[in-house]
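Here is a briefing on one chain and its ligands. Keep the structure open while reading.

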Amino acid sequence: MTKPRVLISDKMDPNAAKIFAERGCDVDVITDKTPDELAAMIGDYDGLAIRSSTKVTKQILDAATNLKVIGRAGIGVDNVDIPYASAKGVVVMNTPFGNSITTAEHAIALMFALARQLPEANAQTQAGKWPKNDFMGVEVTGKTLGLIGAGNIGSIVASRALGLRMKVVAFDPFLTADRAIEMGVEKADLDTLLAKADFITLHTPLTDQTRNVLSRENLAKTKKGVRIINCARGGLIDEEALKEALDSGQVAGAALDVFATEPAKESPLFGTPNFICTPHLGASTNEAQVNVALQVAEQMADYLVNGGVTNALNMPSLSAEEAPKLKPYTNLALKLGSLVGQLAHDNLDNIAIEVEGAAAELNIKPITAAVLAGFMRRFSDAVNMVNAPFLAKERGFDIREVRHDKTGAYHTLVRVTVNTAQGPRSVAGTLFANSEARLVEIFGISLEAELEGNMLYIVNEDAPGFIGRVGTALGEAGLNIGTFHLGRRSAGGEAVLLLSMDAAIPEAVLKQLGTLPGVKTVKALKF
Ligand SMILES: NC(=O)c1ccc[n+]([C@@H]2O[C@H](COP(=O)([O-])OP(=O)(O)OC[C@H]3O[C@@H](n4cnc5c(N)ncnc54)[C@H](O)[C@@H]3O)[C@@H](O)[C@H]2O)c1
Ligand SMILES: O=C(O)CC[C@@H](O)C(=O)O
């Protein structure tokens, strides 16, 4: 097997390259490339490991013809076009916890820097001014910290602030009352937080809901003399309005680690008294960078080598332990989905995936994703397990997953059903020896077959001599039959013939078979 190739395109702790190599990947570290240079080389790689400098745009993804996974050594993935990566079938992963403590500590550091004006005091002291009377600070003890966003980083900031004997008021629509009690914070709406907080710290992603959460209007609702810290994302604060609020004294100080446009080489805020900033250093500690580098390399290698999925933003998780167990099922599901897709005449918009026996004990999501991928190959060869659920959603598919506790004739079974104009149609399959995919039922008729390579599917009226006539027609066309599978609804009723063929069947032969007496359907299948 050829080794997966990984490109590390941003500066990353060297442990990442080491882990990739140890886990069986070939790895190149090539940083500081222009988008055109990256687009020219990305086609050679299966994996792309990044921090925030590399922008994974449509241009890069279009050129990334072999790419299977993008790993972000960090939390924010706003530098990756996730919808486009998903549509292209590329898994996007991040490392959601590796730099949380470090970033929370940076927010606390900036809070103290604001409270005691440390950067300016330092600059003036080193300039020989000894400005002892110019820097009257404020204590944080007893003050109220307003937390906007109480996720991983926000909750660490809250715990540190409580340790400093501050009160913490949190605004986060997803914060439950129980979790707020557990965190020791007061849950509040945004206006209450703005009115109460002496310090405000932001810890949300940048979304349509959070963009400009500290807008001009909201800045005007803050307690006069508030101090504001943003270590989350630029764009959460209206920077022009913040400048005005600092100038007017409404805001006594602001500390930004992040800007709406980065790198921020210029800003209306630069030079404003009581404004301090750092160049997106929130995650920059040795500890955090080792954590995220190790984690991203482990996760990406696990996916490329074993199929394990951890911390993906566009695919359900799959542990390295589950992945090998699920692999034969996803193979079976892909084939069943493909069979239904090839046989379905209607423009279907619904699909049900049922699992029973051993299959019912597994994570059904990858099985569903594989069924959808197989089914939608009728629309495009580029469909895979990553993009199939997104494409299905985009097409408005109704997808039903059913897990049955009972076990039937087979120790494990996956059934795929679609509703056609003629009523529900289903196919089912099992695993022989826990690994070999076998079709066991097709549209209500029991029939055992491997779904492999070129196949011929015929539905006919059961009658003596029919099989011989099919064999003769194929033989005369010089087409060799590999295996022969038969099933029927009842003697003399509807029968199904499924043949594996050594070669593809020409259209003319299919037409000729269609003229045989009793034939209802003839179709060439490909797996
Ligand atoms: N400065 C840095 O270097 C640095 C480092 C790490 C993370 N970050 C950024 O910090 C941010 C937070 O990271 P995290 O790990 O805590 O993420 P998280 O997902 O754990 O937490 C985000 C929280 O924001 C809340 N939220 C979502 N929409 C909201 C809204 N409209 N109003 C209020 N709250 C809302 C969510 O419910 C969640 O609790 C991210 O944007 C991340 O990219 C920056
Ligand atoms: O990689 C970095 O330095 C920044 C990381 C940070 O913005 C994140 O979202 O994890």
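**Domains and annotations**

An unreviewed UniProt entry places the feature "domain: D-3-phosphoglycerate dehydrogenase ASB" at residues 325–442. The model is predicted. In it, residues 325–442 are 33% helix and 35% strand. The end C-alpha atoms of that span are 25 Å apart.

- The unreviewed entry also carries the UniProt annotation "domain: ACT", which covers residues 456–517.
- Residues 456–517 are 31% helix and 35% strand, and their end C-alpha atoms lie 17 Å apart.
- The chain is divided into domain 1 (5–97 + 287–306), domain 2 (100–277), domain 3 (321–451) and domain 4 (452–527).
- Between the C-alpha centres of domain 1 and domain 4 the distance is 48 Å.

**Ligand 1**

- Where does ligand 1 lie relative to domain 1 and domain 2? Both domain 1 (5–97 + 287–306) and domain 2 (100–277) give residues to its shell, so ligand 1 lies between them.
- The shell around ligand 1 holds 31 residues. The closest are Gly76, Gly151, Ile153, Phe174 and Gly282.
- By class, the shell around ligand 1 has 13 nonpolar, 15 polar and 3 charged residues.
- Helix H5 (100–115) and helix H7 (152–163) each supply at least two residues of this shell. H7 gives the most, with 3 residues.

**Ligand 2**

- The residues surrounding ligand 2 are Arg51, Ser52, Gly74, Ile75, Gly76, Asn99, His280, Gly282, Ala283 and Ser284.
- By class, the shell around ligand 2 has 7 polar, 2 nonpolar and 1 charged residues.

**Nonpolar cores**

- The largest nonpolar core has 94 residues. Ala16, Ala49, Met300, Val371 and Val414 touch the most other members.
- Alanine 16 touches Ile8, Ala49, Ala73, Ala293, Val296 and Ala297, leaving out residues up to four places away in sequence.
- Another core, of 52 residues, lies apart from the largest one. Among its residues are Ile108, Ala170, Cys231 and Val251.

**Asparagine 331**

- Asparagine 331 is found in helix H13 (residues 322–343).
- Is asparagine 331 buried or partly exposed? Asparagine 331 is partly exposed, because it has 18 other C-beta atoms within 10 Å, while a buried residue needs 20 or more.
- Asparagine 331 and valine 371 are 40 residues apart in sequence. In space they are 9.0 Å apart, C-alpha to C-alpha.

**Backbone exceptions**

Most residues other than glycine have a negative phi, and most peptide bonds are trans. The cases below depart from that background.

- A cis peptide bond joins glutamate 262 and proline 263, with omega about -5 degrees.
- Proline 263 is found in the loop between strand S11 (251–256) and strand S12 (275–277).
- Asparagine 274 lies in the loop between S11 and S12 as well. Asparagine 274 is not a glycine, yet its phi is positive, about 65 degrees.
- With 16 other C-beta atoms within 10 Å, asparagine 274 is partly exposed.
- Alanine 433 also has a positive phi, about 50 degrees, although it is not a glycine. Its place is the loop between strand S16 (423–432) and strand S17 (436–442).
- Why does alanine 433 count as exposed? Alanine 433 has 6 C-beta neighbours inside 10 Å, and a residue is exposed at 12 or fewer.

Methods
Residues numbered from 1 in each chain as written. Chains lettered and ligands numbered in written order. Predicted model: local features only at pLDDT ≥ 70, side-chain atom pairs only at ≥ 80, totals over all residues. Near = placed C-beta within 6 Å. Nonpolar A, V, L, I, M, F, W, Y, C, P; charged D, E, K, R; others polar. Core = buried A, V, L, I, M, F, W, Y, C linked by C-beta atoms within 7 Å. Contact = placed C-beta atoms within 7 Å. Domains from an automatic or database assignment. UniProt positions renumbered as here; feature names shortened; annotations may be inferred. Helix = DSSP H or I, 4+ residues; strand = E, 2+ residues; numbered from the N terminus.
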